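User: I've got a model open and would like to go through its packing. Can you take my questions one at a time?

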Amino acid sequence: MKGTLAQVRTYERSVQLLMVNQFTINLGFYMLMPYLAAHLAGPLGLAGWTVGLILGVRNFSQQGMFLIGGTLADRLGYKPMIVAGLALRIAGFATLGLVDSVPALIAASAATGLAGALFNPASRAYLAADAGERRVEAFALFNVFYQAGILLGPLVGMVLTGVDFRITCLTAAGIFAVLSLVQIRALPQRRGGDSPAERAHGPREGVLTQWRGILRNRPFLLFSVAMIGSYVMTFQVYMALPLEVRRIGGEGRFGTAAVAVLFAVSGLSTILFQTRVTAWCKARMEPGRALAWGLFAMGAAFLPLLAATALPVPDSVTGTRLLAAVPPVLSALLLAVGTMIAYPFEMDTIVRLCGDRLVATHYGLYNTVCGVGIALGNLLTGAALDAARAAGMSALPWLALFALGLGCTAALYGLHRTGRLAPPPREAAAREAVTA
């Protein structure tokens with residue numbers, strides 16, 4: 001960890017601040033959101049469909065507005081969108097803890113989602129711009145801070161929610177308030193049009209013209225679609241793997257502890273090894289190959305579960321349960337390894353494919369495409385889990401996810417071999433001008 005912090009100090013102050021920013025955002029978010037459904041269904045006594053509606057509105061408002069948030073960031077500047085997103089989170093989180101009417105809860109949930117759509121594309125575009133040629137390494141460090149927030153947030157939230165969920169909400173809102181003040185005072189202004197590629201492009205186009213240009217960027221769209229599977233696979237740490245663990249260990253203490261181990265393995269492995277994995281990959285392979293290997297590792301993560309389907313559901317013997325819980329934990333570890341390999345090169349590839357122009361807008365559209373893919377992928381995965389239980393074919397979901405990994409690997413490798421992941425000519429020319 002000391003080596004990671006030493007690497008962080010080699011970057012500009014803005015990059016360091018963005019990494020701390022992401023850690024704090026995830027800390028505040030994950031100390032509240034894992035316990036929101038229980039609060040809505042328990043103390044507030046809302047029906048299941050109402051709980052689903054409130055949670056779904058948050059996801060829809062975030063995924064559906066990513067393109068708008070990215071476009072605004074490119075036109076108005078990265079800092080205003082980051083601060084605006086943080087302000088919305090303050091209002092949304094405070095409201096979730098203080099109100100009990102369904103319309104107010106829906107509005108608060110929508111605000112928290114819109115907040116993410118505003119600051120996520122802006123912060124990633126800002127990081128890519130200020131990290132320069134060290135983008136890959138910067139995004140590796142970014143992922144370390146990202147995962148650290150995910151790991152610590154639920155632990156803090158568990159303690160606070162044990163006292164009162166309102167305290168959790170107000171504490172999360174307070175964290176975002178402090179973070180907003182820090183961003184306002186310390187984060188420099190940065191606009192999307194400041195890059196050499198933007199200045200070389202000439203006068204700014206209208207929004208619809210820009211969007212049409214992005215939709216004509218076929219390599220970027222192909223890359224976005226090919227990467228959907230990676231998000232579907234990694235999301236199974238939150239969906240299919242916990243369900244499998246509870247199938248093995250039941251709903252008691254053992255099952256709960258095993259699910260906690262899944263998240264701990266995923267987060268701690270990233271915190272400890274992300275920068276080393278990225279350095280090793282960058283020294284030995286091109287970005288396209290690294291992406292393909294990352295997706296292959298994600299697909300291979302489901303092989304332990306596929307192999308374990310021949311095992312019967314264990315009885316109450318603790319040792320047998322522990323042995324049977326090994327495949328899900330191993331799968332979580334392999335998913336983390338695949339993400340460690342792919343994520344920094346994924347973020348860098350988006351910048352290269354957009355020619356260092358309208359970076360936040362590209363990130364926004366990319367997130368929207370992957371968000372829609374996650375929703376459809378989870379729907380199909382859930383259907384596969386139900387079908388597997390009904391037909392007695394427990395291998396079905398793991399076989400399907402493994403096949404998805406192979407398909408995405410082939411797609412990424414094909415894009416790499418055909419040169420579609422290389423930067424467009426305009427960016428190459430801009431880089432030559434800068435180095436000259």
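User: Let's start with Leu32: which residues does Leu32 touch, not counting residues up to four places away in sequence?

Analyst: A quick note before that: this is a predicted model, where local features need pLDDT of at least 70, side-chain atom pairs count only at pLDDT 80 or more, and totals for chains, interfaces and linings use all residues. Residues are numbered from 1 along each chain as its sequence is written, and side-chain values use heavy atoms, with hydrogens and water left out. Contact means heavy atoms within 4.5 Å. With residues up to four places away in sequence left out, the partners of Leu32 are Phe93, Leu96, Phe165, Thr168, Cys169 and Ala172.

User: How do α11 and α17 run relative to each other, roughly parallel or roughly antiparallel?

Analyst: Helix α11 (residues 218–234) packs on α17 at about 160°, with the axes 11 Å apart; axes are lines fitted to C-alpha atoms over the stretch in contact, and angles run from 0 to 180 degrees between N-to-C directions. The contact includes Phe223 and Met227 of α11 and Leu335 and Met347 of α17. Angles under 35 degrees count as roughly parallel, over 145 as roughly antiparallel, 65 to 115 as roughly perpendicular and the rest as oblique. So α11 relative to α17 is roughly antiparallel.

User: How many disulfides does a search of the whole structure find?

Analyst: The test is a pair of cysteine sulfur atoms within 2.5 Å. Cys370 counts as buried because its relative accessibility is 3%, and Cys408 does too, at 8%. Across the whole structure, the number of disulfides found is zero.

User: Is Ala107 buried or partly exposed?

Analyst: Ala107 sits in helix α6 (residues 102–131). Its C-alpha is 9.0 Å from that of Arg58, 49 residues away along the chain. The relative accessible area of Ala107 is 46%, so Ala107 is partly exposed.

How values were computed:
Buried < 20%, exposed > 50% of the residue type's maximum accessible area, 1.4 Å probe, protein only. Helix = DSSP H or I, 4+ residues; strand = E, 2+ residues; numbered from the N terminus.
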